[in-house]
Amino acid sequence: MFRKKAYEASQSLRHLTWKRLLKSRLTLIAMIFIGMAVIVAVMGYLITPDSTPFANQQYIEISAQPPGFKANMLKIRKNELAFKQSWFKTMIYGKRNIYTFIPYNTYRFANDEIILTEFDLFPSELTAESGFNLADVVYPLLQDFKAEYIGSDTIRFYDIEGEIHIHSIAELQNIVKEKYLVERRFWLGSDRYGRDVLSQLMIGTRVSLSVGIISVLISLMIGIMAGALGGYFRGWVDNLIVWLINVVWSIPTLLLVIAITFALGKGFWQVFVAVGLTMWVEVARVVRGQVLSIREKEYIEAARALGFRHWRIITRHILPNVIGPVIVISAANFASAILIEAGLSFLGIGVQPPMPSWGTMIKENYTYIILDKAYLAILPGIAIMLMVLSFMIIGNGLRDALDIKTIDNPGKIQV
């Protein structure tokens, strides 16, 4: 009976906590925004306009074009074998494109070729033209491709898989016109390398959330262990951990992260470790203070009197009661990790190209701020601001929701 009442009380407390958390409209909006960001990060290349690895498909001819820009392109089959790839692998790593895209202004057919007028915002009579064989556009052909004419307008040729294709020139022209002349829209424009900005932002979401999650997990593992041991055993153990906390605390966070990054090397995973190793001190300080208070409670004395081991007392009776403050500080640390990663990438010692990162995008395009393309640097800046703001709002909401003194109708909770 007692266990049943305790379970109902805990369920009631969780219910009231969630009810209070969701009552704040601002917190709810922040949770929806982060939920959408998580969906974008998880789906990855399955939903990005550019699904190539790192969203790195470059069109130098159409670099730095405004949002909503549309370009006509000729899609040319690369002379290489096609490969099969699972949707899961595509979602995680992207998929190599088996087509080459050539932007153009106008096109015309000349016998067995398609002639393109190269893309130019201000076309003139001097604009260059390029010709491409129709068969080479549609099929992956051998390097020493030679077409054999069968009759006046019918050709026979072999692809790299050894298959024989026979088409009339008119038929090839229709195939190219219907399937290989495409229109590509850049919803947020293109960057200085002609890459799709929207795709770069979407994959950058994955980097920022990954850094936050892994860094927070590393900081929680180290911080909770150090804080719990120091607060529970006290004495020389506590003195040693407090001394270590003070030493790490005295070093500016960004400088410490830069030093660790130089020691570990530049790269994706190194950023996770570097940020996580600098954020544990806040967790350890909070956990230590909570454990120092809880260890003096009567039920902890009772557990010791019953002969329970220290490990069981810490993990089963103390740590569950410090989860609330830890969750709140983890939300703040998540926001800090995103800011630190963006700063490191901007300085060039974080995530390395071609992997897209919001900090890297700002670094590559900040010179456009004084020109008429300021949005190239402002868009990733807004993304960082909204993500950090959302986590800070959720952290504040969790702090209020987990405050037992302010929960509505506390008299309902009876054990």
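**Entry 1: two helices crossing.** In which sense, left-handed or right-handed, does helix 6 pass helix 9? I looked it up in the model, which is a predicted one. The crossing is right-handed. I noted that two packed helices are described by the angle between their axes and the distance between the axes. Here helix 6 covers residues 197-233 and helix 9 covers residues 268-294. Their angle is about 35 degrees, and the axes lie 5 Å apart. Next I checked what sort of residues make up the contact of helix 6 with helix 9: 25 are nonpolar, seven are polar and one is charged.

Entry 2: I picked Met221, which sits in helix 6. Is Met221 buried or exposed? Its relative accessibility is 58%, and exposed means over 50%, so Met221 counts as exposed.

**Entry 3: helix 8.** This one runs over residues 253-264, twelve residues in total. From its first C-alpha to its last it reaches 16 Å, close to the 16 Å expected at 1.5 Å a residue. Which residues of helix 8 are buried? I wrote down Leu256, Val257, Ile258, Ile260 and Thr261. A reminder for myself: an α-helix has 3.6 residues a turn, so residues three or four places apart point the same way. The buried residues of helix 8 pack against helix 7 (235-250), helix 9 and helix 12 (323-347). After helix 8 comes Gly265, and its phi is positive, near 100 degrees.

Entry 4: I moved on to the strands. Strands of a sheet pair through backbone hydrogen bonds, either parallel or antiparallel. This sheet is open, has five strands in the order 4-3-2-1-8, and its pairing is antiparallel. Strand 4 (129-133) and strand 8 (181-186) are the edge strands, each pairing on one side only. From one strand to the next, the twist averages 60 degrees.

I then went through some pairs. Strand 2 and strand 3 are antiparallel over six bridges, and Arg108 has Ile115 in strand 3 as its bridge partner. The two strands form a hairpin with two residues between them. In that turn, Asn111 has a positive phi of about 60 degrees. Strand 3 (residues 113-118) also pairs with strand 4, antiparallel over five bridges. There, Thr117 has Glu129 as its bridge partner in strand 4, while Glu113 stands opposite Asn133.

Entry 5: Strand 6 (residues 154-158) pairs with strand 7 over five bridges, in the antiparallel sense. The bridge partner of Arg156 in strand 7 is Ile166. I finished with what packs on this sheet.

Definitions and conventions: Residues numbered from 1 in each chain as written. Predicted model: local features only at pLDDT ≥ 70, side-chain atom pairs only at ≥ 80, totals over all residues. Heavy atoms only, no water. Axes fitted to C-alpha atoms, helices over the stretch in contact; angles between N-to-C directions. Helix = DSSP H or I, 4+ residues; strand = E, 2+ residues; numbered from the N terminus. Left-handed = near helix turned anticlockwise from the far one by under 90°. Nonpolar A, V, L, I, M, F, W, Y, C, P; charged D, E, K, R; others polar. Expected span 1.5 Å × (residues − 1). Buried < 20%, exposed > 50% of the residue type's maximum accessible area, 1.4 Å probe, protein only. Contact = heavy atoms within 4.5 Å. Pairing = 2+ DSSP bridges.
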